[in-house]
Amino acid sequence: MSAYRENEHESDDGAVHAHIAPIKLYVGIFLALIFFTIITVALSLVHLGPVNLAIAIVIATLKAALVVTFFMHLKDDNRFNALVFIGSLLFGGVFLAYTLNDTGRRGETDHLQGAYVNPATGEVAPGGAPIPVEAPVEAGAAHDAPANAHGGH
Amino acid sequence: MSTASTDAPASPDSALADKAHDDHAHGDHSHGPKFLAHHFDTPVHQFDTAKLGMWLFLAQELLFFGGLFVAYGIYRNWYPDDFSWSSHQLDRFMGGANTIVLLFSSLTAALAVRSAQLGTRKNTSILLLITIACAFGFLVIKYFEYVHKFEAGLLPGNLFHPHVDHLAASTAGLPIPRHGGSFFGIYFMMTGVHGVHVIIGIGVIFWIWLRNHRGEFTTEYWTPVDLVALYWHLVDLVWIYLFPLLYLID
């Protein structure tokens, strides 16, 4: 019974008491969202290299925060709902980070271990760092060489 | 809260008591307001339960889209130049216009909830209809974008066979990337699944419009309007990320 007593909406009569925000607030948030959209398009036309992606994600996250906080009322809502939302983002982040750490580094140690996606051709997995020139790439090299022959250490 | 003010059973673990309570609640309407389902003690109990259920559904939606965002991250990481070339084939103007259309529809959805809270039924109806109109506008713009992609041969996977005369001027002279099909596979999946959400949104907002039209909502009970708006804001939220990630790659 006490699980929902913490809610701000709770009052003695058990009725739902809404936080009714002024129209001005909603219109203001909308204008801020349009402003950020224009900024993100403008900045995408400036060539900043990898920083472009970081800026785009930061601005998108600012916009998302405005939508979630005000349009979706998380500001005045039961805190547990915010926990559910943030929790799903955190697990999404774990999914992304671990997967990219795998796929972005595949093949980096293949030449050290003599391990290839296709040992017959020396084909490495996509992604990862460029293979050093001394790595065997000709057909059959992985079969002929001992596993640690190209370690370089 | 005092249980004495309601006819809820004092010990919920007693199945017999529950059954007796149920029979009683079905038998007469002394339990509370008409909108209050008999298994809730109070309107706020019902409201909080509905909201929590909706947020759990939205969390599931985010994880569902999360798989697509991870696929995007992997392939962009592998083929950054191919992604840049492919992104330049998308129409930034149309993508930007759709962003503004969706943001505006989010505003009208938020205002529809406010109007429902205030009990101004006619305004709620109008605001819900504007939201639906924006959703249709979004789909029309998306349709024109898709038609251009089909004509230009900018298609997923092995279907990727671009026609040089249809390509963007900004990539003129650049070689056709080998992995453009990966980008367009992800582009069509992400925007397609998002588009399906927009279509479903039209359906559920129309349903809520109908219920509002019938006069089912009052200043005490507007939860369904609130929940449908939450869904619509999530559709907007996903697009807020899709737009820069797909259309605005340097």
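Two residues are in contact if their C-beta atoms, placed from the backbone, lie within 7 Å. In this predicted model, contacts in chain A between residues at least 6 apart in sequence include 29% that join residues at least 24 apart.

**Chain A**

Chain A holds five helices and zero strands, and its elements run α-α-α-α-α from the N terminus on. Of its 153 residues, 22% count as buried.

**Where chain A meets chain B**

The contact between the chains draws 49 residues from chain A and 46 residues from chain B. On the chain A side, two or more residues each come from α1 (23-44), α2 (51-71) and α3 (79-103). The largest share of that side, 14 residues, is supplied by α3(A). The make-up of the chain A side by residue class is as follows.

| Class on the chain A side | Count |
|---|---|
| Nonpolar | 28 residues |
| Polar | 17 residues |

**The largest nonpolar core**

In soluble globular proteins, nonpolar side chains tend to be buried together. Here the largest nonpolar core has 73 residues, and B:Ala110, B:Val225 and B:Leu246 are among those with the most contacts inside it. At least two residues of this core come from each of α1 and α2 of chain A, and likewise from each of α2 (43-78), α4 (92-118), α5 (121-151), α6 (180-213) and α7 (223-247) of chain B. The largest share, 18 residues, comes from α7(B).

Which residues does B:Ala110 contact, leaving aside its neighbours within four places in sequence? They are A:Tyr26 and A:Phe71 in chain A, and B:Ala229 in chain B.

How values were computed
Residues are numbered from 1 along each chain as its sequence is written. Chains are lettered from A and ligands numbered from 1 in the order in which they are written. This is a predicted model: local features need pLDDT of at least 70, side-chain atom pairs count only at pLDDT 80 or more; totals for chains, interfaces and linings use all residues. Helices (H or I, at least four residues) and strands (E, at least two) are DSSP runs, numbered from the N terminus. Ala, Val, Leu, Ile, Met, Phe, Trp, Tyr, Cys and Pro count as nonpolar, Asp, Glu, Lys and Arg as charged, and the others, Gly among them, as polar. A residue is buried if 20 or more other C-beta atoms lie within 10 Å of its own, exposed if 12 or fewer, and partly exposed in between; C-beta atoms are placed from the backbone. A nonpolar core is a set of buried Ala, Val, Leu, Ile, Met, Phe, Trp, Tyr and Cys residues joined through C-beta atoms within 7 Å.
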